[in-house]
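Work through the exercises below with the sequence and the structure side by side, and try each task before reading its solution.

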Amino acid sequence: MSRAIKMEDLSVVIKGKDVLKNINLSLDKGIFLGIVGPNGGGKTTLVRTVLGLLRPTTGTVSVFGRSPESLLTEDGAFGYLPQQQNIDPNFPATALDIALMGRYRSAGALRWPGKKDREKAVQALSIMGVEELKDSQYSQLSGGQQQRISIARALAGDPKILILDEPSTGIDVVGQEDFYHLLKGLQKKMNLTILMVSHDIGTVTTYVDEIACLNINLYYHGNPLGALNEKVLTSLYGKNVDVLMHTDVCDKCERLRK
Amino acid sequence: MPEALASPFMQKALMAGVLVSLLTGLISTFIVLRKMSFVGAGISHAAFGGVAIGFYAGFNPLMAAVVYAVIVAIGIETTAKKGRISEDVSIGIFYSISMAIGIALVSLSQSYNIDLFGYLFGNILAITHDEIVLTLITSAVVIAIILFFLKELFLITYNEELARVSGIRVNFLNILFLVALSVSIVVSIRIVGIIMVSALLVVPGATARLFAKGLRSMIAISCAAGLISVVAGLFLSYQYDIAPGAGIVLTSAMIFFTSLFLKKKE
């Protein structure tokens, strides 16, 4: 199985402060990776280095065997969902307008998306179960619906990898479960590689194939259940962590894994 | 009204007003969505320095103001980024320095004359044939550039990081937009003046924001609001003998507050 992402001795220093230190991490194609850690632990910085928006101070990062910067110019390599708080929820656009943004690159410079792009965008909305909302005002939709439309935008460009930064922000607990379930389905159906940043370690472990625990250093990378122990969580969040587990084996995790 | 339309100065004023309202209506959409209204106010006040340099050095004041405003716009952006200070601090620095340069040069030239007041408060009724040609050319160029990059600007406005990931040259387009904004400000100065030009850059877009369902409808409503403000404002100023710039800005504000009231009633 070939690598989707490979980081070797990667460090990022911003304004003289270590934000990421000696990160060695690799992700195979088709795997759903969850990156968890406290606020300020470098999760978003790691995403930005993968996207080619930030160069590592030392070390290397490659995505599908190439530098992220060179991939930025390739059509549809990244499907990216930035933090929802950085997007104006009242932006004047319909759901279809938003999904069509995912086709801007394919449409080419100085051209508006055409009929084929429109079909792709509607198809992406349909995959996310929100096709009937295509003519609705983005501003009048719930947080969960807006998030599904944003993912439809990311999918409309036929990405090789889906990168999501805190995608569950603004969605209620029940909605979050549905949302993660949908992502899991997408991964299987489209054989997508998914990299998702989250602060919600409890829920994320249920859905991802691998988990990376990050707080400037990478404390753990591997099976999600292996992260749920006091040693890893204490390194990640500090000393005041109480680990409460209801069963030795999570039935739901096992069910999803099968 | 027919009497007003018969006068050549009113015809010229209307022609220039229509061009500028379409130009600022388009720019205003992005100013409002990108929350850049203070940038507009800063550059317009900074343009006073450019006008004064033109007067002092014997150049065309508007041309000098265009060059100066573009330099200031790029200076604001660069200083904010390189100096790691917020954009509003950078605007505050550049705009007060530019005003100071303007006042110093006016004092040196000892010609605080009526022409300078025309730039400060606008005098659309005194607009010359050459100024109309300049307005026509610059408006056409700026509108063409914005429409050319509309989809890219739309994505940058939605989320700058996403635009970068989509392979859009965000830094280049941000600078291009600042240049377009500076040029729009300077060509609008003769219409409403340095002090009130930011109203044309903010109010039509704010009015359009209340009703728009998409970017293109927001641009259309913004241009229409700007056009009605300029035409109605001009006739009001003719009818009641008030300064045209003030007439235009007050009409624009009236349209905004009426729209806000109607929207709240819905």
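**Exercise 1.** State how many residue pairs are in polar contact between chain B and chain A, and find which elements of chain B give two or more residues to the side that touches chain A.

*Solution.* In this predicted model, the count between chain B and chain A is eight residue pairs in polar contact, with both residues at pLDDT 80 or more. On the side of chain B that touches chain A, the elements giving two or more residues are α8 (150-158), α9 (160-165) and α12 (215-240) of chain B. Of these, α8(B) supplies the largest share, namely seven residues. Sorted by class, that side of chain B holds twelve nonpolar, five polar and nine charged residues.

**Exercise 2.** Describe how much area chain B and chain A bury between them, and which residues of chain B lose the most.

*Solution.* Begin with the residues: the contact takes 26 from chain B and 32 from chain A. The two chains bury about 2,500 Å² between them, and 64% of this lies on carbon and sulfur atoms. Within chain B, the residues that lose the most area to chain A are B:Lys151, B:Tyr158 and B:Val165, which together make up 31% of what that side buries.

**Exercise 3.** Determine how many salt bridges the rule finds across the interface of chain B and chain A, and describe one of them.

*Solution.* The rule finds two salt bridges across this interface.

**Exercise 4.** Explain why α8(B) is described as largely enclosed by the rest of the structure.

*Solution.* Residues count as buried when their relative accessible area is under 20%. In α8(B), the buried residues include B:Leu150, B:Phe154 and B:Tyr158. Nine of the nine residues of α8(B) are buried, so this helix is largely enclosed by the rest of the structure.

Conventions
Residues are numbered from 1 along each chain as its sequence is written. Chains are lettered from A and ligands numbered from 1 in the order in which they are written. This is a predicted model: local features need pLDDT of at least 70, side-chain atom pairs count only at pLDDT 80 or more; totals for chains, interfaces and linings use all residues. Side-chain values use heavy atoms; hydrogens and water are left out. Contact means heavy atoms within 4.5 Å. Buried area is the accessible area (1.4 Å probe) that two parts lose on being put together, summed over both. A salt bridge is a side-chain nitrogen of Lys or Arg within 4 Å of a carboxyl oxygen of Asp or Glu. A polar contact is a pair of N or O atoms within 3.5 Å; within protein, one must be able to donate a hydrogen and the other to accept it, and residues adjacent in sequence count only if both atoms are side-chain atoms. Helices (H or I, at least four residues) and strands (E, at least two) are DSSP runs, numbered from the N terminus. Ala, Val, Leu, Ile, Met, Phe, Trp, Tyr, Cys and Pro count as nonpolar, Asp, Glu, Lys and Arg as charged, and the others, Gly among them, as polar. Buried means under 20% relative accessible area, exposed over 50%, partly exposed in between (1.4 Å probe, protein chains only).
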